[in-house]
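Here is a short briefing to read alongside the model. Take a look at the structure first, and then we can walk through it by topic.

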Amino acid sequence: PWPVVMVGGVGTSFLDMARVIANAKAFVGTFSSPLVVAQAFEIPKSCIFDGVQWWPHQIIKDGETEYLAGPTVGQMIESANRKLRVKRV
């Protein structure tokens, strides 16, 4: 029921990614350059990873980004629909 737009990959500039993400309700993705671009915007960000072969030790929990190890589809939808717990200053 939600439109999904994939950003990143060959030929996608950072500016093009920013234009898409700026109008997004949420960001769901992996540790990648689109996640870095998404950090500029005050939207819920959900970063997914397997939690088995790799575990991120450098994450900063900021209230906008959730880190989900091996999430189900339902968990990803719940994370993307959450209200932010913090307000940027």
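Of the 89 residues in the protein, 29% are buried. Please keep in mind that this is a predicted model.

**Fold and dimensions**
- The protein has three helices and three strands, and read from the N terminus they follow the order α-β-α-β-β-α.
- A compact globule of 89 residues would have a radius of gyration near 12 Å, so the 13 Å of the protein agrees with that expectation.
- The C-alpha trace spans about 30 × 30 × 30 Å along the principal axes.
- If you count contacts between residues at least 6 apart in sequence, 28% of them join residues at least 24 apart.

**Surface and charge**
- The accessible surface amounts to about 6300 Å², and carbon and sulfur atoms account for 61% of it.
- The protein carries 9 positive and 7 negative charges, whose mean positions lie 6 Å apart.

**Aromatic rings**
- Searching the whole structure turns up five aromatic pairs.
- One of these is the edge-to-face pair of Phe49 and Trp54, with 6.0 Å from centre to centre and 85° between the planes.
- Are these two partners buried or exposed? Phe49 counts as buried because its relative accessibility is 9%, under the 20% cut-off, whereas Trp54 counts as partly exposed because its value is 39%.
- Both residues belong to a cluster linked by ring pairs, which also takes in Phe31, Trp55 and Tyr67.

Note on methods. Residues are numbered from 1 along each chain as its sequence is written. This is a predicted model: local features need pLDDT of at least 70, side-chain atom pairs count only at pLDDT 80 or more; totals for chains, interfaces and linings use all residues. Side-chain values use heavy atoms; hydrogens and water are left out. Helices (H or I, at least four residues) and strands (E, at least two) are DSSP runs, numbered from the N terminus. The radius of gyration is taken over C-alpha atoms; the globule rule is 2.2 Å times the number of residues to the power 0.38. Buried means under 20% relative accessible area, exposed over 50%, partly exposed in between (1.4 Å probe, protein chains only). Contact means heavy atoms within 4.5 Å. Accessible areas come from the Shrake-Rupley method with a 1.4 Å probe; for residues, only the protein chains shown count as cover. Lys and Arg count as positive and Asp and Glu as negative; His and the chain ends are not counted. The place of a charge is taken as NZ of Lys, CZ of Arg, CG of Asp or CD of Glu. Rings of Phe, Tyr and Trp (its six-membered ring) pair if their centres lie within 6.5 Å; planes under 30 degrees apart count as stacked, over 60 as edge-to-face and the rest as tilted.
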